[in-house]
Amino acid sequence: MSNSIKRRNLLKSTFGLLAAGPFLSGCERPTQANQILVGVTTRPRMLDPRRATDALSSRVNRLLYRQLIDFNERSEPVADLADWQAFSTQHYRFTLREASMFKHGKTLQAEDVAATYQSILDVSFGSPHRGPLKHIARIDVLNESTLDFHLSEPDALFVGRLTVGILPKDLIDAGHDFTDQPLGSGQATFIEMNEQRLILQRPDRVELHFVVVKDAMVRVLKLQKGELDCLQNDLSPELVQYCESQPGLVVSWQKGTSYSYIGFNFDDPLLSQPALREAIAYTIDRQQIINAIFNGQARLAGGLLVPEHWAGHSGLSGWPHDLEKARILISQVEFEGKDEGKPLVLSYKTSSDPTRIRLATLYQAQLKRVGIELQIQSYDWGTFYSDIVQGRFQMFGLAWVGIKSPDIFQYVFASDAIPPNGANRGRYRSEQADQLIQQAGQADTLEQQAELYRQLQSHLQQTLPILPLWYENQYAVTQAHLQGYQLFADGRLDSLLWVQKKVG
């Protein structure tokens, strides 16, 4: 049974409970047997889905709010709240499929959908989701369950952009602060939040406690002591292996979509040379690193989209490991001091996360084999990320998490997407890539789009704006008494809505 179907079935079976409203916080608190304690590194930053961008907030918001559409296993848009019809490339009609109740007792209607998206489009509101929705020219509410979206120009990916949780119009109009008091029509009800803990409640009165424990080792110890029931990701590979050896703990794995890569600065006189980027690609032994660091729990990446994505490219797996070719290419690179026999020196920036530093040291050791001296610079996350956005780097390591829509290519690789206009942090410029991005965005069908995006991914692998590394697997560590926990490739936390805690 698909995740979206499970969510809809649970909503139908518990409709009466959902109407209980926000007064649940005043009910008698359940015993610990009716609490599921989830260890997280930080609390969600934004529980207003119109403003949320971080992964944890987006995953929690799925529990609190419902959205017009969802995605299937191939990342194709499927109906959640509403079915749709495309009358033209610029006219879409959405019809609500079933009754859904907001927590203050109001039935979700088409006017709520319109109000949510109109608020996002309001420049003064400052939603980070406004950009992808900028082609919405008009929203017409036809009746309680039907509304039309009219676009200013064709957007073949439009339906897949409508994933923002729907808020009630009356509270939007009243200026309600959804950040402090989130209120949607999802299965979970907000109870309270502080710096240490977020508490939600399911329709069956089971509470979901997201407990902030910043230190990874402490999270594992709390899990062993029964102070937590589960963790998902955010542990070092060594700690995951430790958990696998502990009685009473269960480690589950699932293929993931998080795409790890090395970025290059095309404004740098050294890394703008294709021969150097190709030499680095041939030198890095990705499979050796997967085996050594991740205990085999990752797969080689080629295109930015996983092969099972509807626009993925199953024929790409990145550059092979070939030191002989790398040395030949290094001999073609022009750099200062080459004639005097000086080494080729490059800098690599990374965060201060211990696993990311270990990866950097492996790159350093491997590149030394072909005469490249890699100098590692590690910083706290804020400083590191600021440097990357500002273009203050030669090479860096990052990952894209939970990619669904192929409009990521416009955001990351288009010549006009250099920060602050996008995430083309390496200052990559390719006329062919720009043409393929534009053609794909104007294609009439998903099949045409998929073919153009595959051509684009082949071009990107050849020109190396970034070096694809691997797709890291998702994992969860749970106590054995937690039953029904399910992992998803994109890291969503939906199974917390049905997982059960066996007592006794």
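This is a predicted model: local features need pLDDT of at least 70, side-chain atom pairs count only at pLDDT 80 or more; totals for chains, interfaces and linings use all residues.
Q: Which residues make the contact between helix 9 and helix 11?
A: Helix 9 brings Gln288, Ile289 and Ile293, while helix 11 brings Thr355, Arg358, Leu359, Leu362, Tyr363 and Gln366. Sorted by kind, the residues of this contact are five nonpolar, three polar and one charged.

Q: What makes helix 6 roughly parallel to helix 7?
A: Helix 6 (residues 216-224) and helix 7 (residues 237-244) pack at about 15 degrees. Roughly parallel calls for an angle under 35 degrees, so helix 6 and helix 7 qualify. Helix 6 also passes helix 7 in a right-handed crossing.

Q: How do you know that strand 12 pairs with strand 17?
A: Pairing takes at least two bridges. Strand 12 (residues 249-264) and strand 17 (residues 466-479) have twelve and run antiparallel, so they pair. In one of these bridges, Ser260 is partnered by Trp470 of strand 17.

Q: What makes strand 16 a partner of strand 12?
A: Six bridges join strand 12 to strand 16 (residues 395-400), and at least two are needed, so this is a pair too. Strand 12 and strand 16 run antiparallel, and Ile262 has Gly397 of strand 16 as its bridge partner.

Technical notes:
Residues are numbered from 1 along each chain as its sequence is written. Side-chain values use heavy atoms; hydrogens and water are left out. Contact means heavy atoms within 4.5 Å. Helices (H or I, at least four residues) and strands (E, at least two) are DSSP runs, numbered from the N terminus. Ala, Val, Leu, Ile, Met, Phe, Trp, Tyr, Cys and Pro count as nonpolar, Asp, Glu, Lys and Arg as charged, and the others, Gly among them, as polar. Axes are lines fitted to C-alpha atoms, for helices over the stretch in contact, and angles run from 0 to 180 degrees between N-to-C directions. Angles under 35 degrees count as roughly parallel, over 145 as roughly antiparallel, 65 to 115 as roughly perpendicular and the rest as oblique. A crossing is left-handed if the near helix is turned anticlockwise from the far one by less than a right angle, and right-handed if clockwise.
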